[in-house]
Amino acid sequence: MIAIILTEWLEFAVRWFHIITAIAWIGSSFYFIALDLGLKKNKSLPDGVIGEEWQVHGGGFYNIQKYSIAPPNLPKDLIWFKWESYSTWLSGFFLLAIVYYGGADIYLIDREIADINSYEAILISLVSILLGWVIYNSACKSPLGSNSNFLMLILFFFLIFLSWFYTSIFSGRAAFLHLGAITATLMTANVFFIIIPNQKIVVSDLKAGRIPDPKYGIIAKQRSTHNNYLTLPVIFFMLSNHYPLAFGSELNWVIAPLVFLLGVSIRHYFNTYHATKKKLYWTWIITFFIFALIIVLSTYKKNNETLVENIYDLERVYSLEIVELTNEVHDIISARCSMCHAREPLWDGYLNAPNGFVIESKEDIIKHAKKVYLHSAISRAMPPNNISYMEEIERFTIQYWYENKNKDD
Ligand code: HEC
């Protein structure tokens with residue numbers, strides 16, 4: 001009992017911390033991108049300064065100047081931006097371990113997708129994240145890296161592969177989370193292994209009176225551009241686990257690469273705007289189109305009806321009146337869901353219903369009909385890992401009940 005309460009609070013505390021650090025990281029990253037692109041040249045600027053910007057905030061004015069390589073005298077107090085990124089990654093990894101490794105049976109695995117055990121699933125998760133970085137980093141360092149646009153195209157194919165890989169090994173929820181986790185790992189590793197070390201080389205060269213090689217800056221810039229385009233998809237994937245339509249469709253492996261494209265089309269608008277004040281409205285048409293495509297794909301699934309093997313089961317469901325159907329759905333939910341989603345769940349390790357979501361009585365079910373429909377009929381998000389062995393005819397019954405119940409309203 002005490003262990004359950006403590007883990008629950010630990011999870012909440014880590015999640016709280018994780019979101020705070022992520023806000024700080026992405027916030028400072030957005031700030032610097034906009035600042036960098038918005039710098040104005042001006043003849044009266046000191047030597048070595050490539051641009052400046054005036055900003056007003058919090059009751060004062062700021063005049064920021066950027067030195068292309070470094071100022072003639074390096075100041076003693078130099079502020080580095082790195083802990084925002086590192087602490088986001090560390091807390092994110094810890095959260096992945098608590099939620100997805102600790103609850104691998106429920107969150108990570110879906111036996112209908114791949115019949116693996118918890119240890120295998122955790123190993124695949126760890127190795128794939130590590131390998132993802134090794135492959136990405138080698139691609140950037142290889143001759144491919146010299147052509148930035150071509151490199152981006154190759155990386156996009158790599159992301160398509162990862163989308164396919166994760167959705168064919170993990171539950172939809174875990175697959176999307178892993179796409180977020182692997183992308184965020186690339187981003188933090190870019191900061192940790194490339195951007196900051198390169199900057200340190202430049203600083204120490206300057207301190208020693210040597211002229212730094214400009215290649216360090218160019219490499220860092222390339223990685224930071226990748227981070228720029230990956231930011232929005234990461235947030236989409238991290239939030240997606242609340243939306244079964246996003247991760248639960250059979251075409252989730254097509255949806256995921258489109259999410260990465262959304263990141264590019266939205267960022268491109270803002271990057272261009274900050275740099276030139278030009279508003280590329282057409283990018284919003286593309287963004288809208290991709291989003292609409294995602295919505296359409298999210299509803300694609302094999303019809304529950306066709307998955308039911310026994311035709312007599314189907315005919316019986318068709319013959320039921322709404323009242324009888326509601327009773328039937330209540331029975332299904334009592335058998336497949338209520339061990340977790342009850343006021344006092346019987347499922348080991350739960351003190352309360354997950355997310356406070358209770359479907360016990362008929363009234364509960366009618367009240368939450370839409371969520372039940374979305375999570376267990378339209379998508380297969382619930383029961384997690386089909387832990388309570390829900391059958392096709394039961395999913396179909398819920399679908400049929402919901403769709404016809406609403407027709408009568
Ligand atoms: C093994 C326990 C378990 C079973 C069985 C189960 N669920 Fe869940 N359910 C969960 C957990 C855990 C979550 C929280 C997931 C998360 O973190 O978002 C959840 C979340 C939900 C949510 C989202 C609630 C919200 O508002 O966020 C719905 C809806 C839901 N379940 C419906 C069902 C239905 C319908 C069934 C039966 C067909 C079912 N669940 C069976 C564990 C279970």
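Start at the ligand: select its iron atom, which is coordinated by His 341 through NE2 and Met 382 through SD, at 2.0 to 2.2 Å. Keep in mind that this is a predicted model. Count the donors next. The iron atom of the ligand has six donor atoms, with angles of 87 to 178° among them, and its site is octahedral. His 341 sits in the loop between α13 (322-336) and α14 (362-367), and Met 382 in the loop between α15 (369-378) and α16 (392-408), so the pair ties together parts 41 residues apart in sequence.

Move on to residues 252-276 and 281-298. These are helices α9 and α10; their axes come within 9 Å and cross at roughly 165°. The two helices are therefore roughly antiparallel to each other. Their crossing is left-handed. Show side chains at the contact: α9 contributes residues including Leu 258, Leu 262 and Phe 270, and α10 residues including Trp 282, Trp 284 and Phe 291. This contact of α9 with α10 holds 18 nonpolar, five polar and no charged residues.

Last stop: select residues 148-167 and 172-207. Helices α5 and α6 have axes that come within 8 Å and cross at roughly 140°. That angle makes α5 oblique to α6. The crossing of α5 and α6 is right-handed. On α5, show Leu 162, Ser 163, Tyr 166 and Thr 167; on α6, show Ala 175, Phe 176, His 178, Leu 179 and Ile 182, which together make the contact. Six residues of the contact of α5 with α6 are nonpolar, three are polar and none is charged.

Terms used: Residues are numbered from 1 along each chain as its sequence is written. This is a predicted model: local features need pLDDT of at least 70, side-chain atom pairs count only at pLDDT 80 or more; totals for chains, interfaces and linings use all residues. Side-chain values use heavy atoms; hydrogens and water are left out. Axes are lines fitted to C-alpha atoms, for helices over the stretch in contact, and angles run from 0 to 180 degrees between N-to-C directions. Helices (H or I, at least four residues) and strands (E, at least two) are DSSP runs, numbered from the N terminus. Angles under 35 degrees count as roughly parallel, over 145 as roughly antiparallel, 65 to 115 as roughly perpendicular and the rest as oblique. A crossing is left-handed if the near helix is turned anticlockwise from the far one by less than a right angle, and right-handed if clockwise. Contact means heavy atoms within 4.5 Å. Ala, Val, Leu, Ile, Met, Phe, Trp, Tyr, Cys and Pro count as nonpolar, Asp, Glu, Lys and Arg as charged, and the others, Gly among them, as polar. Donors are N, O and S atoms within 2.8 Å of the metal (3.2 Å for Na, K and Ca); water is not among the atoms, so sites may look incomplete. Four donors count as tetrahedral if all angles lie between 85 and 135 degrees; four count as square planar and six as octahedral if opposite donors are over 155 degrees apart and all others between 65 and 115; anything else is irregular.
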